[in-house]
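These are my notebook entries on a structure that I am reading for the next meeting. Each entry records what I looked up and what I found.

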Amino acid sequence: MNIAEFLAMGGYAAYVWPAYALVFAVLALNVWAARRSHERALEEARRRLMQEESGR
Amino acid sequence: MWTWFHKLASPPHFYRIAGLTIPAFSWAAGLLVAAGLYGGLVLAPPDYQQGEGFRIFYVHVPSAILSMFVYATMAIAAAIGLIWRMKLAHAVAAASAPIGAWFTACALATGSIWGKPMWGTWWVWDARLTSELILLFLYLGYLGLRSSFDDLQRADRASAVLAVIGIVNLPVIHYSVVWWNSIHQGSTLLTPGAMPIAMKWPALCMLAGFALFYGAVLFVRLRGEVVRRERSAAWLREVLVK
C-alpha cells in the first residue's frame, strides 16, 4: 500500500482525518488544561499562605 | 488494608503518590494509543459495507465509552462524597467533569462526521444521539453549577446532587439502541463475535489507552483539587517549597 492510497482512505479522507485530528487536538487540550489547573491551585495556595503569614 | 487506604486518602500522601504514578499512566496510555492507531488505520481490513470510512470507529467508540465511564466515576465519587463527607471523593468528581465533557464532545463530533457519509446527515434527533447530547448538557450543567459558588464545600455538595441525579441518563444512552428504533447501530465492540479479531483488538487498545489517559489527566487535575481543599498550612508549605 502506498502513502497516497493510505491518505485517500478509499475516498473517505475528508471524514476520517478531521475526526482523528479533532480527537487528538482535544486530548492535547485536556493535558494542557489539567496542568494549568494544577498550577493555578498552587498559585492560589501560595497567595493564601502569604496572606496568613502577613496577618499574623 | 484500612490503614493503608486511609493513608492513601490523606492529602499529602495522595499528592505525592499521584505525582509518582502520572508518568507511568501517561506512558502506558501513549503506547496503547500508538498501537491502536497503527492497528486501526493500517492493519485492520476495510469494512465490507463502509470501506475505509469505518475507521472513525477507533476514535468514536472509545470516546463514547469514556464519556459514560467518566460520568459513572464522577457520580459514584460524588455520592461517596455526599454520604461519607470525603473531600478526596468530591475532588475526584470535580476533576472528572471537564475530562468527561470533552470526551462527550468528541463522541458527538466524530459521530456527526461519521454520520454524514454513512447516513447522509450530520445530525438526527435519534434516541442515542439525543441522550448523548443530554449527557453533554449534564456535564456542562455540573460545571456551571460549581462555578456559581464561591465556597468550595457548598459547590461540592450542590454539584454532587446534580451528578447523582444525572446518572439515570446512562442506562438510557446504553439501551437507547435497543428500546427505540434507532438509526444508530447496536454495540459491536462489547458483543462477542460481532467483529473480527483483526478489527477488534485495535479498538480495545484505543479504549484501554483512552482509559489510562483519563487516569493520567485525572491525577494531574486531582493534585490541584487536593491543594484547593487543603487547610493544613504546614503541608501546603512543604508542597510549595518544591
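Is W17(A) buried, partly exposed or exposed? I found W17(A) partly exposed, with a relative accessible area of 25%; buried means under 20% relative accessible area, exposed over 50%, and partly exposed in between (1.4 Å probe, protein chains only).

**Entry 1: conventions.** I noted that this is a predicted model, in which local features need pLDDT of at least 70 and side-chain atom pairs count only at pLDDT 80 or more, while totals for chains, interfaces and linings use all residues. Residues are numbered from 1 along each chain as its sequence is written, chains are lettered from A and ligands numbered from 1 in the order in which they are written, and side-chain values use heavy atoms, with hydrogens and water left out.

**Entry 2: aromatic rings.** I looked up ring pairs (Phe, Tyr and Trp, the last by its six-membered ring, with centres within 6.5 Å; planes under 30 degrees apart are stacked, over 60 edge-to-face, the rest tilted). The count is 14 aromatic pairs over all chains. One of them joins F6(A) and W17(A) edge-to-face, at 5.6 Å centre to centre and 65 degrees between the planes. F6(A) lies in helix α1 (residues 3-8) and W17(A) in helix α2 (residues 13-55) of chain A, so the pair ties together parts 11 residues apart in sequence. Helices here are DSSP runs (H or I, at least four residues), numbered from the N terminus. F6(A) is buried, at 17% relative accessible area.

**Entry 3: where the chains meet.** I counted contact as heavy atoms within 4.5 Å. By this rule 42 residues of chain B are in contact with 35 residues of chain A. The two chains bury about 3300 Å² between them, 74% of it on carbon and sulfur atoms; this is the accessible area (1.4 Å probe) that two parts lose on being put together, summed over both. On the side of chain B, L41(B), R228(B) and L240(B) lose the most area to chain A, together 19% of what that side buries.

Entry 4: Side chains of opposite charge can pair when their charged atoms come close. I took a salt bridge as a side-chain nitrogen of Lys or Arg within 4 Å of a carboxyl oxygen of Asp or Glu. R228(B) is buried at 18%, whereas E44(A) is partly exposed at 33%. R228(B) also meets E225(B) in a salt bridge, at 3.2 Å; both lie in helix α8 of chain B, three residues apart, about one turn of the helix. A network of salt bridges links E44(A), R146(B), D156(B), E225(B), R228(B) and R229(B).

**Entry 5: S131(B).** Which helix holds S131(B)? I found S131(B) in helix α5 (residues 127-147) of chain B, and it is buried at 3% relative accessibility. A polar atom of the S131(B) side chain lies 2.8 Å from the backbone oxygen of A127(B). The side chain of S131(B) also reaches the backbone oxygen of R128(B) at 3.1 Å. Not counting residues up to four places away in sequence, S131(B) touches N169(B), V172(B), I173(B) and S176(B).

Methods: Helices (H or I, at least four residues) and strands (E, at least two) are DSSP runs, numbered from the N terminus. A polar contact is a pair of N or O atoms within 3.5 Å; within protein, one must be able to donate a hydrogen and the other to accept it, and residues adjacent in sequence count only if both atoms are side-chain atoms.
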